[in-house]
Amino acid sequence: MQLKIADNWKNILQPFFNKPYFKELTSFVASEYKNHLCFPKEEEIFAAFNFCSFDALKVVIIGQDPYHDENQANGLCFSVKEGIKHPPSLKNIFKEIATDLGKEIPQSGNLEKWAKQGVLLLNATLTVRAHEPGSHQKKGWETFTNEVIELISTEKENVVFLLWGKFAESKTTLINLDKHTVFRAPHPSPLGAWRGWFGSKHFSKTNEVLKRLNISKIKW
């Protein structure tokens, strides 16, 4: 696995890359990509970091696993490539934005435009074998992404964390709540969306926090 990651992140994350667990993870991922169809493309594994610089980071959204079907995953959680049908959770994200902010639902499900504005779209596990959800869990990715969350909490101030669903909410323990804002809601999947995702208003609430801090708002 090649570390195709922006220099501003690479310098900060280098101590993690040097740890034994990450070297084992790198070997595992390299073998998986050599012997199986995996997603996202190898050059997109660190897309969340490459589109959202450390300095520009304002918001963190935490997902779990990349999409595991062809032509969906692009290295950003909940995001899909141009021209791909919106998966159910993304549909519900766009529905909530439409209700919350009065915006039309976009044709594209590619969330690069969020990332470029300072939204880190971070999956807890950055790779997956095709058609086998969860197949790369517990191989080291979660250790790495937990360390990333802790690093952001320690080194940054006034970041808004959006934690959707019980898995994402479990990351609250990694975040300094005295320095950062955390909004929690049920997962936007069809299974959980009706239990409080709809009406959570996380997008307007995030922009209210940023406005109060004199930080430019996100154009959701």
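A pocket is here an open set of grid points, on a 1 Å grid over the protein atoms alone, with protein on both sides within 12 Å along at least five of seven lines. In this predicted model, the largest pocket has a volume of about 470 Å³. Its lining is made up of 31 residues, and those closest to the pocket centre are Gln 64, Asp 65, Pro 66, Tyr 67 and Asn 123. Sorted by class, the lining holds 16 nonpolar, 13 polar and 2 charged residues. Helix 4 and strand 3 each contribute at least two residues to this lining, and strand 3 gives the most, with 3 residues.

Four strands form an open sheet in the order 3-2-5-6, and their pairing is parallel. Strand 3 (119-123) and strand 6 (181-185) each have a single partner strand and stand at the edges, so one side of each has no neighbour in the sheet. On average, neighbouring strands of this sheet are turned by 20° against each other, direction ignored. Strand 2 (residues 59-63) and strand 5 (residues 160-164) are paired in the parallel sense over 3 bridges. For a reader who would like to find this pairing in the structure, Val 60 is a handy place to begin, with Phe 161 in strand 5 as its bridge partner.

Two packed helices are described by the angle between their axes and the distance between the axes. The axes of helix 4 (residues 88-101) and helix 8 (residues 202-212) come within 8 Å and cross at roughly 60°. The two helices are therefore oblique to each other. From helix 4, the residues in contact are Ile 93, Glu 96, Ile 97, Asp 100 and Leu 101, which meet His 202, Phe 203 and Ser 204 of helix 8. Taken by class, the residues of this contact comprise 4 nonpolar, 2 polar and 2 charged.

Some backbone details in the loops are also worth a look. Most residues other than glycine have a negative phi, and most peptide bonds are trans. Against that background, the peptide bond from Phe 39 to Pro 40 is cis, with omega near -5°. Pro 40 is found in the loop that runs between strand 1 (38-39) and helix 3 (47-51). Asn 71, which is not a glycine, has a positive phi near 60°, and this residue sits in the loop between strand 2 and helix 4. Asn 158 likewise has a positive phi, of about 60°, without being a glycine. The loop that holds Asn 158 lies between helix 6 (141-155) and strand 5.

Definitions and conventions. Residues numbered from 1 in each chain as written. Predicted model: local features only at pLDDT ≥ 70, side-chain atom pairs only at ≥ 80, totals over all residues. Heavy atoms only, no water. Axes fitted to C-alpha atoms, helices over the stretch in contact; angles between N-to-C directions. Parallel < 35°, antiparallel > 145°, perpendicular 65-115°, else oblique. Contact = heavy atoms within 4.5 Å. Nonpolar A, V, L, I, M, F, W, Y, C, P; charged D, E, K, R; others polar. Pairing = 2+ DSSP bridges. 1 Å grid on protein atoms, 1.4 Å probe; cavity = no way out; pocket = protein on both sides within 12 Å on 5 of 7 lines; lining within 4 Å. Points joined across faces, edges and corners; volume = space filled by probe spheres on them.
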